[in-house]
Amino acid sequence: LLELGPQDLRAHAAETLTRARQRSTALTDAVDDEELVRQHSKLMSPLVWDLAHIGSQEEIWLVRDVGGREPLRPDIDDLYDAFQHPRADRPALPLLGPGEARAYVGEVRQKAFDVLERAPLEGRMLTRAAFAFGMIAQHEQQHDETMLATHQLRQGDPALHAPEPPPRRAGDVAPEVLVPGGPFVMGTSVEPWALDNERPAHAVHVDAFVIDTFPVTNGQYARFVESGGYESPRWWSEPGWTYVREHGITAPRFWKREPDGWWRTRFGRYERVPADEPVVHVSFHEAEAYAAWAGKRLPTEREWEKAARHDPRTGRSLRYPWGDEEPTAEHANLGQRHLRPAVAGAYPRGASPLGVHQLIGDVWEWTSSDFTGYPGFTAFPYREYSEVFFGPDYKVLRGGSFGTDSVAIRGTFRNWDYPIRRQIFSGFRCARDPRPDEVA
Ligand code: AVJ
Ligand code: FE
């Protein structure tokens, strides 16, 4: 992106926006109007709210702010302001109906493309205009992942269809990787479309640690459940134990114990839980409890990023585990290409130089870190994107899931959520301190 001239940059921005719109359209055309306006879970907005919110943000940031154009619908700004109305209250608002919402996002997009044609993208990529197009494409894709999570919560027959992910292709690999101690550059100051919370690049020291080669699988997690993991406070933090007790949680979300083993619901299909696939739909508390049971812990955010980006041959931090090239279908399970995580070992070409697999794609990975600003953080373009969430209430997740588009994930990308959340496509891997003989 940094090397692109203004014309290529325009084409790239247009392509990225169009890909996002194809996905938004597919997710909202897959169900009838009655289902579009319905609230499928108190945790989620009606799909029709997400759709018009996507348009509203695009109007505010691209049409009005970058383009300096007249507002299309200033009257609806407030309806689609996520800070004004919590998700649970959104169905009761006088929202645009399905037809109106579709027409609105279409009109906004036409105007945004017109702005893109004329925007001054010369000079550095990091002009406010060029950043805004990337930010809006990521914003739409983030809501597309949220809409995919809404699809997972809806009742009824399958509405979405996709081919199966690839099988295991990795040969024999050790189950854990030792990451040497020492300095490492975390975050970025040069990635053009990196969001404010990923900036700036800064050197950190990370002690040697050991990290799992793969995310924790369903088979591994089932052993924790079956050995009484949810019945003993021993493995749980105090808030974690209160949470599972109060909500009667006994297994990952969408799992059901049948006489012949574990089954789950996935986008309207009822199927046996596949043992070799990364576990998904677990909260931070469950991830932390499993790690304690396994004699390990969750990685810190620094550890995760070092495992993903550090190249020990050069000392450089890569953009992605496999190098600096954009993700392809060979590298990672991204972009809703498949409607499930791929089995552990499905993406050997996506491994990091240290030999850690599937850090990008498949499942978001909980870390033990609170969401905070890096040293030198400046809110950009607005405080509400990340700064207002900084503090101990939110835990950081890394790496993206099968539901995340490639424009909305990088080695530096940081997601965050409450430690009780599990309707998101969240899993984890474990880490631990090395034994003395391992760091001799
Ligand atoms: C980064 C996924 C936590 O969905 O709340 C969407 C992204 N911000 N609209 C969210 C976001 C504003 C955000 N997460
Ligand atoms: Fe949003």
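1. Gln336 is buried in this predicted model, because 22 other C-beta atoms lie within 10 Å, and the cut-off for buried is 20 or more. Its phi is near 60°, a positive value in a residue other than glycine. Gln336 sits in the loop between α9 (301-309) and β8.

2. His281 counts as buried because it has 22 C-beta neighbours inside 10 Å. Its place is the loop between β7 (269-272) and α8 (284-293).

3. Two peptide bonds also deserve a look. Most residues other than glycine have a negative phi, and most peptide bonds are trans. Arg199 and Pro200 are joined by a cis peptide bond, with omega about -10°. Pro200 lies in the loop between β2 (182-186) and β3 (202-206). Phe380 and Pro381 are likewise joined by a cis peptide bond, here with omega about -5°. Pro381 belongs to the loop between β8 (364-371) and β9 (391-398).

4. Which residues surround ligand 1? They are His139, Gln142, His143, Thr146, Asn415 and Trp416. The elements giving two or more residues to this shell are α5 (128-153) and β10 (415-417). The largest share, four residues, comes from α5.

Technical notes:
Residues numbered from 1 in each chain as written. Chains lettered and ligands numbered in written order. Predicted model: local features only at pLDDT ≥ 70, side-chain atom pairs only at ≥ 80, totals over all residues. Near = placed C-beta within 6 Å. Buried ≥ 20, exposed ≤ 12 C-beta atoms within 10 Å, placed from the backbone.
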